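Here is a brief report on one model. Please keep the sequence and the structure in view while reading.

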Amino acid sequence: MDEVGFRGLLGHERTATVLRRAVAGGRLHHASLFTGPSGVGKRIAARALAALLQCEQRPVSDGLPDACGTCPHCRRVRDGIHPDVIDVSPDGRFIRIEQVRELTASTRFRPYEGRVRVVIVHGAEAMKAESANALLKTLEEPGGETVFILLSDRPHQLLPTIRSRCQPVRFARLDRQTVVDLLRREGVSAAEAEVLAELGDGSVGDALAFRASALADERTALLALLARAPSLGADQCLVEAERLASQRERLESLLLLAQSLYRDALVVHASGGRLDRCINRDALDSVQTLARHRSPAHLHQDAARVREAARQLEGNVNPRLVMESLLIELSRPERRAI
Ligand SMILES: [Zn+2]
């Protein structure tokens with residue numbers, strides 16, 4: 001069962017302290033804007049704040065109140081059925097004016113059973129000018145009984161007037177270990193969590209999205225191919241290039257991910273064969289194969305070639321031509337000093 005309350009928010013202790021202190025002192029701004037990359041915990045923080053505002057118990061830990069997690073209010077917030085915690089999310093690409101009107105109408109009444117009414121606006125940047133202006137009126141007239149929490153991955157797309165009415169609360173990328181811990185809680189194996197944490201770049205959401213995407217299997221296959229590129233014949237290069245070119249829309253991302261293979265092989269060289277510092281822990285065979293066949297100088301060249309190929313794809317060069325020339329370059333034998 002998901003834990004509701006700030007105990008369940010990992011990696012944002014300082015931000016949590018600021019919010020809990022504001023609630024304890026009765027100084028919470030009536031409108032907060034939670035910003036930061038997707039998948040780092042903004043939604044969990046909003047839920048924790050809503051629970052804390054509604055909680056009957058508010059037990060104190062570390063000198064500050066948190067939601068108890070067990071009272072009827074906390075349980076309803078956790079289950080998403082609290083009548084005074086209203087979630088608004090984009091309907092398709094946008095938050096429609098009707099959604100905002102419905103919302104502002106409900107804020108004219110007293111909360112049903114909670115201390116306050118909490119309105120959580122997910123993807124707040126999805127409000128077009130019309131919707132944003134409708135919300136703005138409500139934000140300008142705080143009734144004292146409604147707390148707004150706006151969440152946005154792209155706050156620069158919000159109307160400046162909305163931004164200026166809100167107290168900004170910034171959520172940074174998570175550190176690597178926190179992402180690993182959170183992935184482990186989701187039932188991801190230790191080895192896979194290490195790799196996903198690297199790919200997720202501080203975002204649990206992105207790491208999990210990567211895991212669910214077709215990219216995951218294709219990445220493993222590409223790493224294996226690049227590792228044996230030094231022993232590919234010209235015919236094989238052409239066949240593989242054609243196959244890869246059919247993954248056109250994901251190819252650029254795949255190549256960017258694959259750069260870490262060269263980094264890992266260089267680390268293996270530099271550390272005398274150690275594998276524990278590798279990013280691609282799920283593909284150590286590929287890392288070792290590449291390190292065996294290529295000198296550090298050659299690895300640097302190959303990494304640059306992969307980068308250049310990704311750049312060409314970005315520039316809309318024919319993917320098949322890009323991949324053919326990349327694989328042929330990568331299959332060139334290492335030039336030995338005589
Ligand atoms: Zn409670």
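## Domains

The centres of domain 1 and domain 2, taken over C-alpha atoms, are separated by 44 Å. Domain 1 covers 6-172 and domain 2 covers 213-330 of the protein chain. These bounds come from an automatic or database domain assignment.

## Basis of the values

The model is predicted: local features need pLDDT of at least 70, side-chain atom pairs count only at pLDDT 80 or more, and totals for chains, interfaces and linings use all residues. Residues are numbered from 1 along each chain as its sequence is written, and side-chain values use heavy atoms, with hydrogens and water left out.

## Zinc site

Which residues hold the zinc ion? Cys55, Cys68, Cys71 and Cys74 coordinate the zinc ion through their SG atoms, at 2.3 Å. Donors are N, O and S atoms within 2.8 Å of the metal (3.2 Å for Na, K and Ca); water is not among the atoms, so sites may look incomplete. Along the chain, the donors are spaced C-x12-C-x2-C-x2-C.

The 4 donor atoms subtend angles of 105 to 118° around the zinc ion, so the arrangement is tetrahedral (four donors, all angles between 85 and 135 degrees). Cysteine 68 and cysteine 71 are both buried, meaning under 20% relative accessible area with a 1.4 Å probe, protein chains only.

## Glutamate 334

Glutamate 334 lies in the segment after helix H15 (319-330). Helices are DSSP runs (H or I, at least four residues), numbered from the N terminus. Glutamate 334 counts as buried because its relative accessibility is 16%.

Beyond its neighbours within four places in sequence, glutamate 334 contacts His293, Arg294, Ser295 and His298 (heavy atoms within 4.5 Å). Arginine 294 is 40 residues away along the chain, yet its C-alpha atom is 6.9 Å from that of glutamate 334.

Note on methods. Four donors count as tetrahedral if all angles lie between 85 and 135 degrees; four count as square planar and six as octahedral if opposite donors are over 155 degrees apart and all others between 65 and 115; anything else is irregular. Buried means under 20% relative accessible area, exposed over 50%, partly exposed in between (1.4 Å probe, protein chains only). Helices (H or I, at least four residues) and strands (E, at least two) are DSSP runs, numbered from the N terminus.
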